[in-house]
Amino acid sequence: MSIFSVGISALNAAQVGVQTASHNIANASTAGYTRQQIIQTTATPMFTGGGYVGQGTDVQTIQRVYNQYVNSQLMTAQTGASEMDTYSTQIQQIDNLLGDPNAGLTPALSAFFKGMQELTANPSSISSRQAALSAGQSLVSSFQSLNDQITQIRDGVNQQITDEVTNINALATQLADINQRIILAQATGANQPPNDLLDQRDQILTNLNKEVRTQTVQQSDGTFSVFIGNGQPLVVGSQASQLQAVQDSSDPRSTTLALKATYGSTMTLNESLITGGKLGGLLSFRSQSLDSAQNALGRIAISLGQNFNDIHKLGQDLTGTLGADFFNMTTPATYSSELNPDKTTVSLTAQFTSTAASDLTTSDYQLIYKGGTYTVTRLSDNKTWSGGNLSSLVDSSSQPFAEGFTLTLSSAPPADGDMFKIEPTRNGAQDISVLITDPRNIAAALPIRTVTPTTNTGTAKIDAGSITSVASMPLSSDVILTYNGATNQFSASGGLTAGPFAYTAGQPISFNGITVTITGNPADGDTFLIQNNANGVSDNRNAVALGALQTGKTMVGGTASYAEAYAQLVSEVGNKARQVQVAADAQQALADQAQSARDQVSGVNLDEEAAKLLQYQQAYQAAAKMIDITSKLFDQILALNS
Amino acid sequence: MIRISTGMIYDAGVRAINEQTAAALKIQQQAASGRRILTPSDDPVAAARALVVSQAADVVTQYGANQENAKTALSLEDTQLMNANDVLGQVRDLAVKALNGSLSASDRQSIATQLRASYDQLLGIANSTDGTGQYLFSGYMGDTKPFAGAVGGAMQYAGDDGQRTLQVSATRHLETSDSGLDIFQRIGNGNGTFTTDFGSNTGTGVIDGGTVTNPAAWSAPTSGSYTLRFTVSGGVTTYQVYDGATAVAGLSGTYTSGQPIALPGSQVTVTGAPANNDTFTITPSSSQSVFDTISNLITAIEGASTTPAGQAAYQMDVGGAIGGIDRAAGNIMRVDTAVGSRLAEIDSLATANSAVSLQYQQTLSNLQDVDMTQALSDLTRKQVELEAAQKSFVATSKLSLFDYL
């Protein structure tokens with residue numbers, strides 16, 4: 001009888017072998033499938049007087065050909081590749097947007113200043129003025145359209161974060177569910193491994209890591225617990241927490257993340273700790289590239305607006321009135337944290353300083369009031385300024401706060417621990433607009449002119465003059481600069497009284513915001529007049545000054561023109577996009593490598609399975625033959641009686 | 001031995017084909033657009049530089065446009081100044097003709113009539129406008145007609161002293177206009193240092209315009225003018241220079257017709273026979289409008305008297321007017337010379353400008369443009385590589401043991 005049972009055991013084993021090979025072939029292209037193999041051992045031998053007699057074979061288990069180390073490497077590589085790929089896809093949008101030589105800011109800036117230059121050629125022509133004004137409006141639309149597109153990208157990021165959260169929650173729920181099924185399967189199957197469930201769980205984990213980087217811990221009951229951030233539990237056993245997309249407490253335009261534990265409260269997650277996967281890519285794109293790009297664009301708009309307005313207000317328009325603001329300027333955006341206990345009563349406002357054009361950076365700032373001290377942090381590099389009140393903030397080397405804006409609280413001091421966020425340049429490109437509607441109101445002229453009276457007997461001449469302030473304009477009457485030969489001095493009388501000023505040819509004489517330069521040899525009693533520039537419609541001196549802003553280095557502490565600041569932005573984005581692309585390629589190569597390493601171990605090779613099929617087929621045929629022979633042997637015994 | 005799973009063969013094949021296709025597409029886009037930098041990330045440094053250079057190129061183009069505008073304005077001014085100079089030439093010829101003692105009253109009247117026409121012609125030039133209706137010579141006040149006046153009255157200038165400018169290079173703001181005040185009004189009278197005039201003389205003495213021999217020694221009279229007074233006593237004519245009522249020590253002597261009479265750092269010459277108590281005044285120069293000079297000339301010609309003293313006065317008036325017209329012409333030439341040198345400056349700037357512009361275009365092209373030969377050769381290479389990847393994939397994936405079972 002035992003020969004029969006040996007035969008049957010061989011037959012069974014071969015069947016299981018064929019079945020397993022077939023299962024492998026069937027799942028050759030199933031994602032995450034790990035090839036299985038049977039573990040065959042000899043059956044327990046039977047002791048006889050003649051020694052241990054073999055009892056056939058035994059299929060002990062079917063196991064996965066699986067390497068834990070290679071698998072976790074694959075997950076790590078994929079979460080990195082997925083993060084970089086997402087970052088790269090996102091930043092390419094800005095890269096394309098800014099770099100287009102025909103659609104970026106550069107052509108609009110050039111066209112605007114071209115309009116100003118055309119105006120200098122024909123300051124009294126209404127059509128030239130209208131062209132300059134229209135160029136100003138086009139520039140504003142360029143700023144706004146670039147900004148709108150960045151805002152759309154931002155909205156897209158917010159939407160994708162929400163979508164990611166949905167994906168992650170679905171995966172977490174699946175994972176918790178499969179954890180539960182694995183416990184049940186193991187209990188039912190006498191501790192045999194539920195191979196296909198384990199594969200499914202690995203696949204879910206892999207997918208989860210493509211969304212966000214997780215840490216996995218295997219529990220003693222065989223389930224996996226999954227954590228995100230710095231140890232916030234996403235799945236524990238068969239329980240999944242809910243990730244939530246919520247509004248940032250200190251910036252209502254940003255969607256950020258919170259985690260709601262199964263039993264417990266919701267806590268906001270620190271964005272900087274959420275890394276890896278698509279979610280990590282979105283978050284780092286937003287904080288490292290999107291914000292700074294929008295800020296850089298805003299800064300150019302604010303600087304241009306401020307410089308232009310400053311000069312425009314020194315001028316005189318076609319109607320003889322002093323220039324007004326050309327561009328509309330707003331104030332820096334400020335937000336009170338939702339967590340401030342006095343958020344309904346205390347608010348923060350910010351104002352640009354008069355030197356904002358050159359002082360502003362592209363960073364956002366945070367203000368915290370704690371223990372009687374205000375601390376402002378520049379978020380790009382965490383440099384801080386602190387002090388007992390908002391007007392006397394100093395940095396670690398006692399240098400005053402000079403970042404282009406000042407801060408005021410609606411009521412001070414605020415509650416201890418209050419937090420505010422300041423985005424000085426974020427809205428710059430969005431908010432800029434042209435205030436002037438009547439082309440005659442472009443201040444192309446200066447409000448003063450100089451006259452050398454024909455009664456002078458000396459050879460001295462006066463230049464056209466310039467002004468730094470319009471506080472004394474219009475002049476109540478002509479200012480008369482009279483030369484006193486005995487003392488070699490000029491003194492001003494008439495509309496303004498000033499001096500005497502010692503005369504040196506070519507040395508500027510300044511008073512009341514007016515600067516004139518006299519050259520040559522004046523005779524005693526010679527006079528020069530400074531008058532209101534009445535009817536000075538062909539005067540283009542202020543338009544020339546406005547046009548000169550195009551190449552003036554007025555930004556970034558006086559080191560960059562507008563076009564250069566924009567080029568800097570393009571170069572930063574371009575460099576970052578390139579760097580991210582290179583990193584994405586590297587991470588992808590790493591992931592491909594890890595995938596190969598895993599497939600080398602766990603992937604199905606059809607040729608190999610074909611060989612196994614043959615092997616088990618032959619084993620089956622041999623076992624069948626064995627039973628046939630056994631049967632024949634038995635027949636021989638029976639034949640003895642017949 | 002490395003174990004290969006069937007999936008790896010497909011993955012690797014697809015990956016290789018994808019990579020080759022992406023690379024080929026990139027080259028195709030570059031070749032199709034002619035641009036080496038499709039997005040800034042392709043070459044961030046060059047992309048940023050291209051933006052700065054393209055602005056610089058725009059600015060240079062704008063300077064070129066401004067140069068053209070300045071050239072138009074200055075050419076127009078040049079033409080009008082030449083016209084003014086021609087008119088002054090006619091005036092001078094007429095004035096010289098008027099000096100001829102043998103002229104009849106009707107001859108003089110005819111000269112005066114021609115002079116009036118010249119006066120109006122010059123006024124027309126001074127009030128000329130450019131193509132857009134802006135007055136050329138009114139300074140900043142382009143909409144204001146600068147000159148208003150008529151023979152016999154003083155010319156009123158309603159413009160200002162402003163000079164319009166255009167930026168024609170990074171550092172040069174070129175003056176594109178000159179004020180009428182500077183051209184037609186602010187003309188030093190007399191010899192530029194002082195002017196001579198005569199009182200209600202009865203003699204035939206005629207004073208010239210005087211010359212400055214030593215500018216450093218010239219000292220202006222404290223009372224406002226010097227008076228040269230002649231005394232005829234006993235057939236001897238003597239003179240004395242007074243500063244107001246004060247006789248200036250050392251400036252006196254016996255008069256000889258045509259002999260220079262010394263003044264501080266300068267001298268005047270009187271010819272003819274001054275009568276007793278005849279006076280001449282020497283006043284420091286101030287400005288006189290060319291229109292007033294012509295107007296005075298016309299008045300003098302029309303009001304010529306035949307008395308000896310009247311003749312002397314006529315000679316002095318017309319002679320003085322000729323000097324004034326010469327100085328006015330000199331002043332216009334001074335301005336026109338400046339205009340001419342500005343025009344020359346524009347020409348040289350324009351040459352430099354087009355060289356710089358070309359330079360920028362080349363730089364931009366080097367930064368941005370694709371090397372077409374290189375691109376097409378790369379594209380062909382990629383094509384070969386892509387085909388190789390496809391063929392090898394097909395060959396590898398065909399191998400299967402099942403084919404032999």
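**Briefing: chains A and B of a predicted complex**

Leu282(A) belongs to helix 6 of chain A, which covers residues 277-312. The model is predicted, and the predictor assigns the complex an ipTM of 0.78 and a pTM of 0.83. Between the two chains, the contact draws on 62 residues from chain A and 50 residues from chain B.

**Surroundings of Leu282(A)**

- Leu282(A) counts as buried because 27 other C-beta atoms lie within 10 Å, where the cut-off for a buried residue is 20 or more.
- Apart from neighbours within four places in sequence, the contacts of Leu282(A) are Thr86(A), Gln90(A), Val157(A), Gln160(A), Ile161(A) and Glu164(A).
- Gln636(A) lies 354 residues from Leu282(A) along the chain, and their C-alpha atoms are 80 Å apart.

**Contact between chain A and chain B**

- The contact comprises 62 residues of chain A and 50 residues of chain B.
- On the side of chain A that touches chain B, the elements giving two or more residues are helix 2 (68-99), helix 3 (105-121), strand 21 (448-451), helix 9 (541-548), helix 10 (562-602) and helix 11 (606-639) of chain A.
- Of these, helix 10 of chain A contributes the most, giving 17 residues to the side that touches chain B.
- Sorted by class, this side of chain A holds 33 polar, 20 nonpolar and nine charged residues.

**Chain B: confidence and secondary structure**

- Chain B has a mean pLDDT of 88, with 100% of its residues at 70 or more.
- Its secondary structure consists of seven helices and 13 strands.
- Chain B is more spread out than a compact globule, because its radius of gyration is 41 Å, well over the 22 Å that the globule rule gives for 405 residues.

- The C-alpha trace of chain B spans about 160 × 45 × 30 Å along its principal axes.
- Of the 405 residues in chain B, 38% are buried.
- Of the contacts in chain B between residues at least 6 apart in sequence, 69% join residues at least 24 apart.

Note on methods. Residues are numbered from 1 along each chain as its sequence is written. Chains are lettered from A and ligands numbered from 1 in the order in which they are written. This is a predicted model: local features need pLDDT of at least 70, side-chain atom pairs count only at pLDDT 80 or more; totals for chains, interfaces and linings use all residues. Two residues are in contact if their C-beta atoms, placed from the backbone, lie within 7 Å. Helices (H or I, at least four residues) and strands (E, at least two) are DSSP runs, numbered from the N terminus. Ala, Val, Leu, Ile, Met, Phe, Trp, Tyr, Cys and Pro count as nonpolar, Asp, Glu, Lys and Arg as charged, and the others, Gly among them, as polar. A residue is buried if 20 or more other C-beta atoms lie within 10 Å of its own, exposed if 12 or fewer, and partly exposed in between; C-beta atoms are placed from the backbone. pLDDT is the predictor's confidence in each residue, from 0 to 100. The radius of gyration is taken over C-alpha atoms; the globule rule is 2.2 Å times the number of residues to the power 0.38.
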